[in-house]
Amino acid sequence: MKYILALALCSLVLVPPQALAQSGRVPNPRSERPNPDDKDTVRLRTEEVLLPISVRSDTGKLPGFLDRFDFIVAEDGKRQQVTSVMRTPANILLVVDASGEVLTRKNTNLNRELALQIIDSLGPEDRAAVVTYSEQITLLSDWTKDKAALREALRSKLKPGLKSRFYESVKFAAEGVLPKVSGRRSVVLLTDGVDSEGTKHFEEARDALHRARATVYVAGHNRMLLEELRPIAFNKLAWFEMIDPKVRNRYNAMRRYAKQLEAAEVVLEDLAKETGGAMWNPEKRDEFSALTPKIVEEIGTEYVVAYSSERDPLDRAFHLVKIFVTRGDLKVRSRKGVYANAGARGQGPVVRE
């Protein structure tokens, strides 16, 4: 018996430590730790996302008080932790269309006057910047609270042109101007949305607005110009007048522009909807000039909801976002989604390991 026990002990000593660990009888604490070199190991970190939203009470007015328990945020279908609700001064970027191809009937002064009215409506802590576009894209005024400086820039520096670089101007505004400010970012497009190069830069412009987490408001010329153009471009006697080649070219230009206006109207509505904003598209010029109170009121309903989301540090994807209210007296509107981490350029997300 002593001989058998001694033999068994010797066998136990000779068994490799790896075999004991695999058997589960002798746990090895080191073996349970993740290997830093293991490519399958994903280290998550928490990003604080700043989500602009528009909130009204059921009466259509601003709510008296809001806190984080009034909202539920779902990102990619998963509920996130809301950390705060903030109301900050407005940062309003005016993108002013200064283009006007022959026979388009556009009037640059309409945009200038509406922009001036919006500037006059700024609060003491609000800031604004102005970008104009035609053949050239120009930063007329960088961010400032100085209303006099903004007015002077619009009155003396705005230069009309023929061609339109609409999408490039939006991309420039989103990537070159908006990142200079944090908090609420509102972009007001005073435009017909027509680009001389078509829609080849549309996706770049849309994605740039999403990365900047900007809310887009549109004061559109489309219906107003279509109301004026259609009776001329599609009149019953046009076929007779178009016998003359020069007249025919003029009619073709008007008809082409009418189709562009119709297509651009859809694009502008989409930009406003995707970013949680709004669009106004009046049929008369005097209605366009009277849009200021509506635009200012909508911008005034903006709040910023902060929520925490766990992400891969390399995540740069676009994440779908839905926001719900827990109070029956509130109505909310928000953007379609957000880009992760540094994808939201200049937004200054708070990231904690």
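Which residue forms a salt bridge with aspartate 207? I looked this up first, and the partner is arginine 206, with the closest N and O atoms 3.4 Å apart. I count as a salt bridge a side-chain nitrogen of Lys or Arg within 4 Å of a carboxyl oxygen of Asp or Glu. Aspartate 207 is partly exposed, at 21% relative accessible area; I call a residue buried under 20%, exposed over 50% and partly exposed in between (1.4 Å probe, protein chains only).

I note that this is a predicted model, in which local features need pLDDT of at least 70 and side-chain atom pairs count only at pLDDT 80 or more, while totals for chains, interfaces and linings use all residues. Residues are numbered from 1 along each chain as its sequence is written, and side-chain values use heavy atoms, with hydrogens and water left out.

**Salt bridges**

I found 22 salt bridges by this rule. Glutamate 262 forms one with arginine 230, the closest N and O atoms being 2.8 Å apart. Glutamate 262 lies in helix H9 (residues 245-274) and arginine 230 in helix H7 (residues 222-233), so the pair ties together parts 32 residues apart in sequence. I take helices (H or I, at least four residues) and strands (E, at least two) as DSSP runs, numbered from the N terminus. I also noted a network of salt bridges that links Glu47, Glu75, Arg213 and Arg311.

**Helix H4**

I looked for buried residues in H4 (residues 147-157) and found Leu150, Ala153 and Leu154. Seen down the helix axis, they fall within an arc of 90 degrees, so they line one face of H4; the arc is that of the directions from the axis to the C-beta atoms. They pack against helix H3 (108-120), strand E5 (127-133) and strand E6 (137-144).

**The sheet**

I traced an open sheet of six strands, in the order E6-E5-E4-E7-E8-E9, with mixed pairing. Its edge strands are E6 and E9 (278-280), each pairing on one side only. Two strands pair if DSSP finds at least two bridges between them. I found six bridges joining E7 (residues 186-191) to E8 (residues 215-220), and these two run parallel. Valine 187 stands opposite valine 216 in E8.

**Valine 73**

I placed valine 73 in strand E2 (residues 71-75). Valine 73 is buried, with a relative accessible area of 0%. I checked its contacts (heavy atoms within 4.5 Å). Leaving aside neighbours within four places in sequence, they include Val82, Tyr307 and Ile323. Valine 73 and isoleucine 323 are 250 residues apart in sequence and 4.6 Å apart in space, C-alpha to C-alpha.
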